[in-house]
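Dear colleague,

Please find below the sequence and structure that I am handing over to you.

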Amino acid sequence: MEKEKTGTVLRVAGPVVTVGGVMAAMYEVVLVGHEGLLGEVVQILGDKTVVQVYEDTTGIRPGEPVKTTGASLSLELGPGILTQIYDGIQRPLPGLADTAGDFLKRGIFVPGLDHEKLWKFEPLVSKGDIVGPGGIVGKVQETPMIEHRIMALPTMKPAKVVEIRSGNFTIDEVVCVLEVIPDSSSPLRRQSGEKRVEIKMHQKWPVRNARPSKERLPCDVPLLTGQRVVDSFFPLAKGGAAAIPGPFGSGKTVTQQQLARWSDAQIVVYIGCGERGNEMTEVLTEFPELKDPHSGRPLMERTILIANTSNMPVAAREASVYTGMTIAEYFRDMGYDVALMADSTSRWAEAMREISSRLEEMPGEEGYPAYLATRLAQFYERAGSVRTCNGQTGSITAIGAVSPPGGDLSEPVTQNTLRIAKVFFGLDAKLAHRRHFPSINWLTSYTLYLDALRPWHKENVAPDFPDLRTTAMAILQKESELQDVVQLVGADALPANERLILETGRLLREVFLQQNAYHAVDAYCPVEIQAKMLRNILLFHEHALSALKKGAPLEKISQIPSLVKLARARFEEQREEILDSLTKEIPAEISTIQTEAAAIAAAE
């Protein structure tokens with residue numbers, strides 16, 4: 001029996017260690033070497049077991065012991081998980097720093113949750129109540145913004161409450177005792193001494209197993225981000241999946257941070273997967289200082305950060321996205337809307353490629369493993385809007401950044417991601433170099449949620465909102481075509497109506513699509529304000545086109561004072577009142593120019 005629990009290292013190849021003399025299951029966690037480095041079984045070859053180690057294996061030698069744990073890689077889920085900064089396998093970085101200092105040693109383990117802190121538990125069920133799979137038995141006010149709901153496991157059978165407590169407890173103390181209700185249809189049901197289940201304030205869940213749900217729901221409510229190019233032109237539904245591919249320096253990380261900060265999701269899970277240390281340092285230092293725009297509280301009170309920089313072990317990087325998704329599913333099961341940011345999935349794929357080569361697997365396109373598409377699909381398909389096992393409605397919106405080498409969108413990670421994600425935010429380095437932010441190219445980006453979100457937009461924003469978007473996109477497309485002609489013959493060679501399209505396109509680009517992330521007012525724009533801005537720009541286009549047909553000069557029309565007010569309105573606190581007044585001022589000023597032109601024509 002001892003042979004089954006303890007083996008020895010036979011071979012070390014980077015993060016991949018071959019072990020002999022041990023019987024272990026796939027994805028079982030093992031402790032490698034004298035330092036007890038955490039590893040996971042990824043392959044079984046006869047009497048040999050292959051393990052990927054989540055820490056640096058430098059110095060590990062053949063002959064060192066390997067011990068099995070009998071458990072798969074699992075997370076601790078419970079009160080205290082919010083505001084935390086974890087590494088890829090849920091070790092809290094502040095706790096590691098307190099234990100080992102700034103320079104971490106190998107083999108150090110710190111629990112993901114504080115097992116000594118007392119939490120005030122308030123029961124939501126009474127003795128004799130029936131609790132179903134994933135049922136909520138109580139709550140803990142974890143932060144001023146988020147109520148942490150204590151749940152049974154979603155795999156549990158219906159059970160009756162036989163004991164419930166209230167008061168201050170650690171997460172290891174039992175707060176509820178259930179008695180499983182026997183299945184009357186089973187001939188083997190127990191006649192007495194039914195199975196009892198003890199509920200503590202935390203639970204463990206394997207990261208590679210999706211938490212079950214009762215029903216997947218249609219994604220028909222938008223994730224509002226306050227970013228005009230996203231909410232109006234390429235909306236993302238709650239429970240949807242989006243990809244943000246772009247070359248180096250195009251603004252992927254900034255765009256994701258804006259979405260994380262301003263979206264109306266209740267929980268934010270940010271995964272820094274394989275990013276450079278200086279970028280993650282900015283995230284880790286800036287996020288705790290940010291204020292939540294909806295409550296004024298610190299944003300970290302509803303945020304979990306997972307930091308796995310590019311110099312950390314690749315095996316932990318490979319696990320980090322599963323860690324983030326499992327935490328997101330846990331809060332989804334409480335009935336919350338969760339926004340999950342993965343920055344970037346390309347680094348995750350590179351970690352898979354490195355481990356696959358160490359395992360001597362047959363490579364696929366560009367050296368990536370043949371199962372790359374499957375792994376990407378498994379990750380994004382864990383997002384969605386669902387009815388949970390306990391009857392709550394929750395969602396996970398997954399937004400993954402992709403970093404294609406050289407900005408080549410035809411490479412495997414980008415292409416396989418686009419087959420799954422329904423929203424494509426195509427970042428453009430040329431726009432970034434021109435200081436146009438967000439640098440989302442409106443001609444290459446797309447969303448497949450327009451039809452599903454149309455009823456919501458009509459009911460909650462404006463009945464004409466979908467038509468405004470369609471008209472604006474048509475003008476921008478026509479403007480792009482005219483720009484090619486302008487480069488050849490100049491704008492003066494175009495007829496007046498086409499020069500008007502250039503002017504309206506400029507307004508859409510510079511006034512509507514550009515947004516200043518560092519401005520106190522312009523950083524966040526409610527969708528109702530967005531509709532009014534679009535309506536005023538298109539109102540100008542409509543009345544200007546009518547005036548041109550009656551002989552009014554475009555040069556005067558394009559210089560009306562209202563356009564200056566429209567451009568400045570997005571920076572003003574009273575922007576809604578200004579936009580409302582412009583709906584009357586714009587037609588009036590154009591009408592005045594038209595009247596003057598008619599009078600001059602009559603005099604001549």
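A disulfide is taken here as a pair of cysteine sulfur atoms within 2.5 Å. By that criterion the structure holds zero disulfides. This is a predicted model, in which local features need pLDDT of at least 70 and side-chain atom pairs count only at pLDDT 80 or more, while totals for chains, interfaces and linings use all residues. Residues are numbered from 1 along each chain as its sequence is written, and side-chain values use heavy atoms, with hydrogens and water left out.

Cysteines. The closest cysteine sulfur to that of Cys219 is in Cys389, 18 Å away and too far for a bond. Cys219 is buried, at 19% relative accessible area (buried means under 20%, exposed over 50%, partly exposed in between, with a 1.4 Å probe and protein chains only). Cys273 is also buried, with a relative accessibility of 0%.

Helix pairs. Helices are DSSP runs of H or I with at least four residues, numbered from the N terminus. Axes are lines fitted to C-alpha atoms over the stretch in contact, and angles run from 0 to 180 degrees between N-to-C directions. Contact means heavy atoms within 4.5 Å.

Helix α7 (residues 345-358) packs against helix α8 (residues 372-380) at about 135 degrees, with the axes 11 Å apart. The two are therefore oblique (angles under 35 degrees count as roughly parallel, over 145 as roughly antiparallel, 65 to 115 as roughly perpendicular and the rest as oblique). On the α7 side, Thr345, Trp348, Ala349 and Met352 meet Leu372, Arg375, Leu376, Phe379 and Tyr380 of α8. This contact comprises seven nonpolar residues, one polar and one charged (Ala, Val, Leu, Ile, Met, Phe, Trp, Tyr, Cys and Pro count as nonpolar, Asp, Glu, Lys and Arg as charged, and the others, Gly among them, as polar).

Helix α12 (residues 465-489) and helix α13 (residues 496-513) pack at about 120 degrees, their axes 8 Å apart. The residues of their contact divide into nine nonpolar, three polar and five charged.

Between helix α16 (residues 561-569) and helix α17 (residues 575-603) the angle is about 160 degrees and the axes are 9 Å apart; α16 and α17 are therefore roughly antiparallel. Their contact includes Leu566 and Ala569 of α16, together with Ile578 and Leu582 of α17. By class, the contact of α16 with α17 has seven nonpolar, two polar and four charged residues.

Yours sincerely
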